[in-house]
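Open the model in your viewer and keep the selection panel at hand. Each stop below tells you what to pick and what is there.

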2 protein chains.
Amino acid sequence: MERDENQMTESMQAPQTLSDLQNAITERYSELSKRLRQVARYLIDHPGDIAFGTVTVIAQDAGVHPSTLVRFANAFGYSGFSEMQTLFQQNLLRESPSYTERIRIARETLGDPGSQSPDQLLGEFIHADTLALQSLQSHIPAEVLNEAIDILANAEATQIIGVRRSFVPAAYFAYALRHIERRAYLIDNVGAMHKEQAGTIQKNDAVLAISFRPYASETDEAVRIAHERGVPIIVITDSRLSPLAKLASVVFTLPDSEVHGFRSLTPTLCLAQSLSIGLAYRVDKNRSMDGNPA
Amino acid sequence: MERDENQMTESMQAPQTLSDLQNAITERYSELSKRLRQVARYLIDHPGDIAFGTVTVIAQDAGVHPSTLVRFANAFGYSGFSEMQTLFQQNLLRESPSYTERIRIARETLGDPGSQSPDQLLGEFIHADTLALQSLQSHIPAEVLNEAIDILANAEATQIIGVRRSFVPAAYFAYALRHIERRAYLIDNVGAMHKEQAGTIQKNDAVLAISFRPYASETDEAVRIAHERGVPIIVITDSRLSPLAKLASVVFTLPDSEVHGFRSLTPTLCLAQSLSIGLAYRVDKNRSMDGNPA
DNA sequence: ACCAAAATGGAATGAATTTTCCAGAATTGC
DNA sequence: GCAATTCTGGAAAATTCATTCCATTTTGGT
């Protein structure tokens, strides 16, 4: 067996993921020099500390000289310490709730926006929507979902508000709730009568409002009316700083994924689905517990 | 009560944890200037993206000047942006381990219908939508996309038809097309006047019809009228055997993903986005080729 | 113990990044 | 509607940082 291949100094290509690197380190640990072993141990044992921090700080913590870190990175095929460091950062990002960073990276690797074929465009939207969906889960705490479903389950009817872009998920909510035989009223502002429509909100209703930047005054007004009447309010919006958030009983803040200037409604609709079906199950369960096993 | 204390400029001491900072931001949000609010929103809504990246990059993503970030940090008592940034890093380090675990658990329990928590349900829908999106790309040939965009680009106005479930993507189309300054009419059947609405379809319009099983007669009728008048028709449906398919100039057939009896609209909306933005680019290109470089 | 080769840490260089400063723009108060 | 104040963004300055280079030390072999 030819052992020369294993000598890898600068020639071989560097590991591209953190786990690859960790494997490589473990494998080559014995052939490293004293100081490099020290670095190796530190990298393996404290991966979290590598992501941030400067060479100087990390070197101090690891008890070595900064240049040793650079040499270590070189020994594993990287152009410098910084290049190796990105692996640790990416790893942290992958585990973290953040995803716009990944979109940014993906966008960079996808080349210039603008003169693209519709086909590529479709691919980009699919990609962006997928990422947005993935991050959705981490943005929606289970308790909030449960509270929202509680409110909907206890309400006699649900009044749904959403205009312009948010009209789309609002319409979906109305469709879905009616589908599972819940009373749902869509405040659709037909005939510019949203105030009149909002006027019909009653004590034992629930209000479901959807509003994203730029926040529409129509939605705001309707929610305000509901708030005055002490009606429980579920808000789906994009930020805790949204004007609706402070009036709400329950707030969902959704990450907005923007590609080519168009924000995706996919997370909102997915949430809408989940709320509706979750409600359906809840209502079903309540019914059977009420002594009606059908 | 002495309110002076609240004026805090440089004098007060800066929040030492991320949640403290977030609270402080929420509290003082209203008294911030326009740009600082922009920063505030970005910090609240994208905490994960602050941790890495340089001021320059973050400033770009937030749409502000780098110095604004520094000013913001100063306004909250930090010596500079970097000092504030460390809060976000610490937070990321603390949060990271749970996330992948959650997804794994959610995925494992997938397929166990019935008594599920809404949280698990959400995970299922996310998963289903993701799969549906993935398969979308292979179901949409590039030529069909191009033809559809051709039709939309040449049309004077677009008439959009979709009822019930399909009303949701139809409404989205109407919104998106108007957003890119195309004339779009949504045949929404208000006042049960879909026939009258369809009657306004003209020779150089285009028709965009969305219909899934069970196919709605309203959509069918409208498309039939359009077909008689020789108007180009784009159809989004679930099968090439759909009654609309044979009248269409271009047909998109979408795979339907069904979870808990609810079909997902996500692929339809993703397609809608792609068509709209693809159209926007096409129109832009045509305009500049017509000698109007703006 | 001596020589050659490798390894190490200090200092310097050069690049990148954060911060400060300032002039013009926008906003507010009168 | 004007003046004063605040806000903004460009550019330069200052700082920090990663990397390279080199002299010194250490290691391993004879």
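Select A:Cys270. This residue is buried, at a relative accessible area of 0%. B:Cys270 is buried too, with 0%. Buried means under 20% relative accessible area (1.4 Å probe, protein chains only).

This is a predicted model: local features need pLDDT of at least 70, side-chain atom pairs count only at pLDDT 80 or more, and totals for chains, interfaces and linings use all residues. Residues are numbered from 1 along each chain as its sequence is written, chains are lettered from A, and side-chain values use heavy atoms, without hydrogens and water.

Now colour chain A by pLDDT, the predictor's confidence in each residue, from 0 to 100. The chain averages 80, and 82% of the residues score at least 70. Helices (H or I, at least four residues) and strands (E, at least two) are DSSP runs, numbered from the N terminus.

Select residues 1–11 of chain A: pLDDT stays under 50. Residues 105–115 of chain A also stay under 50. Where pLDDT is low, the predicted coordinates should not be read in detail.

Next, pick helix α9 of chain A, residues 142–154. Its 13 residues reach 18 Å from first C-alpha to last. Among the buried residues here are A:Val144, A:Leu145 and A:Ile149.

Conventions
Buried means under 20% relative accessible area, exposed over 50%, partly exposed in between (1.4 Å probe, protein chains only). The expected span of a helix is 1.5 Å times one less than its number of residues. Contact means heavy atoms within 4.5 Å.
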